[in-house]
Amino acid sequence: MKIIQLIDRLIGSITRKVTMLRHHVGFYLVDKETISKLKHLPKLTLQEKKLIKQTWPTLEISSLDYTWSRIWKKENGFSPYFIGTMWTWSILEKINPYEQVVSLQNKALCDKYLSDIPFPKVFVRSIEGVLYNKDIQPITIDEACNILANTDGFIIKPSIDTLCGNGVIKVVKENKTKDKYCKYIIETLKQSGRNFIAQELLCQHPDIARLNPTSINSCRVTTVYLNGKMSSSTMLKVGKKGVFKDNWNSSYVIGVDPNGNLKDGYDNYLNKVHQTDNGIHFSTIQLPYFDKMVTAVQNWHQQYFPQCGIIGWDVFVDSNNQVSVIEVNLTCPGIVAEQLASGLFLQPYVDEICQKLKK
């Protein structure tokens, strides 16, 4: 029995490492593409590199993340506290225990596991190739089509191994006849893989919807909870003109100050942006119900995920002024863009993080 347990533990460890490696490689390639567009970055001095290593003595330092420190130096002046992508993964492996949180991040089930959190309404789920309705009852593809055909539209997204909005599809009825709409739905379901969800189209608060009406323009609120200390940072993701996704590769990431006021932001090539594509200056906007949104996700972090140190919440205020959570990012919260847009926020936790990295 002990041998079987050891084998199971070893297989679990290898699976976790392979999954984390895939994320490492994916974000390395994203970073490499972004950084390849940059020129004239200031170099770090030997003293600055030494200070980074002194600040994070238990963190493995990669040359790629020195580049992110150089980007921060160009924009804001040098700081040893900026955390780049590769360092982020090293930290997450220790403070967000993968084996405890990976199943909770499955988008096809998280609304059931975490039923008190207001996720979007799910119409249809596919779990390992089997279709289910909202109540996890198996259905046929024709039954799934009938459910979805009674809507004016929906979003299909992968439920596991998601990255940068890949595989997200928006389906709308528009002027299609019922037969054409059903045919379109079935074709979309068949090409969406084995693990996905079809969920409602979201309607956001009008003050934020006007920034780009075709995308949801969600907030990324990152909560940090270590040794009983809680804090958070927020940025806003505003889709580019005409797109329906607000992931960084198709949107602008906009800084948010502690009072919910918008600052300037960046596109995915790290060019600074001051206004939306339709000419609204970010500095004129304050996020509606900002305190309500931040308080809600901080409470949910402590209540449902006390074992996690860092969580990235994709959250928004809907047209009824209610806070709604699009998804919870436990294994891949992604904090690089948020630091750049809204400011550094891990400095108060250096000691706690370094202690975790020692173990």
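The model is a predicted one. Its secondary structure comes to twelve helices and twelve strands, and buried residues account for 51% of the 359 residues in the protein. Counting contacts between residues at least 6 apart in sequence, 65% join residues at least 24 apart.

Start with the five-stranded sheet. It is open, runs in the order β2-β1-β5-β3-β4, and pairs in the antiparallel sense. Its edge strands are β2 (130-133) and β4, each of which pairs on one side only. From one strand to the next the twist averages 20°. Two helices lie across this sheet. Helix α7 (residues 141-149) goes over β1 (122-127), β2, β3 and β5, at about 155° to β1. Helix α8 (residues 178-190) goes over β3, β4 and β5, at about 165° to β4.

Within that sheet, strand β3 (residues 153-158) is mostly covered, with six of its six residues buried. In a regular strand, side chains alternate between the two faces of the sheet. In β3, G153, I155 and K157 point one way, while F154, I156 and P158 point the other way, and all are buried. On one flank, β3 pairs with strand β4 (residues 169-172) over four antiparallel bridges, and G153 has V172 in β4 as its bridge partner. Strand β5 (residues 196-200) also runs antiparallel to β3, joined to it by five bridges.

Strand β6 (residues 219-226) and strand β11 (residues 310-317) run antiparallel and are joined by six bridges. R220 stands opposite D314 in β11, and these two residues also form a salt bridge, with the closest N and O atoms 2.8 Å apart. The pair links distant parts of the chain, R220 in strand β6 and D314 in strand β11 being 94 residues apart. Both R220 and D314 are buried.

The salt bridge count comes to eleven. Side chains of opposite charge can pair when their charged atoms come close. One of the pairs is K73 with E48, whose closest N and O atoms are 2.9 Å apart. K73 sits in helix α3 (residues 63-76) and E48 in helix α2 (residues 46-55), so this pair also ties together distant parts of the chain, 25 residues apart. E48 has a relative accessible area of 13%, so it counts as buried. The pair E174 and K176 is another, with its closest N and O atoms 3.9 Å apart. At 62% relative accessibility E174 is exposed, whereas K176, at 25%, is partly exposed.

D267 lies in the loop between β9 (262-266) and β10. D267 is buried yet makes no salt bridge, and the nearest side chain of opposite charge, that of K240, is 5.3 Å away, whereas a salt bridge calls for 4 Å or less. The D267 side chain does reach the backbone nitrogen of Y269, at 2.9 Å. Leaving out residues up to four places away in sequence, D267 touches W248, S251, Y252 and V273.

K240 itself is placed in the loop between β7 (229-239) and β8 (251-256). Its relative accessibility is 22%, which means it counts as partly exposed. The K240 side chain makes a polar contact of 3.2 Å with the side chain of N268. With residues up to four places away in sequence set aside, K240 touches N212, T214, S250, S251, Y252, N268 and D277. K240 and P213 are 27 residues apart in sequence, and their C-alpha atoms are 9.8 Å apart in space.

Terms used:
Residues are numbered from 1 along each chain as its sequence is written. This is a predicted model: local features need pLDDT of at least 70, side-chain atom pairs count only at pLDDT 80 or more; totals for chains, interfaces and linings use all residues. Side-chain values use heavy atoms; hydrogens and water are left out. Buried means under 20% relative accessible area, exposed over 50%, partly exposed in between (1.4 Å probe, protein chains only). Contact means heavy atoms within 4.5 Å. A polar contact is a pair of N or O atoms within 3.5 Å; within protein, one must be able to donate a hydrogen and the other to accept it, and residues adjacent in sequence count only if both atoms are side-chain atoms. Two strands pair if DSSP finds at least two bridges between them. Lys and Arg count as positive and Asp and Glu as negative; His and the chain ends are not counted. Axes are lines fitted to C-alpha atoms, for helices over the stretch in contact, and angles run from 0 to 180 degrees between N-to-C directions.
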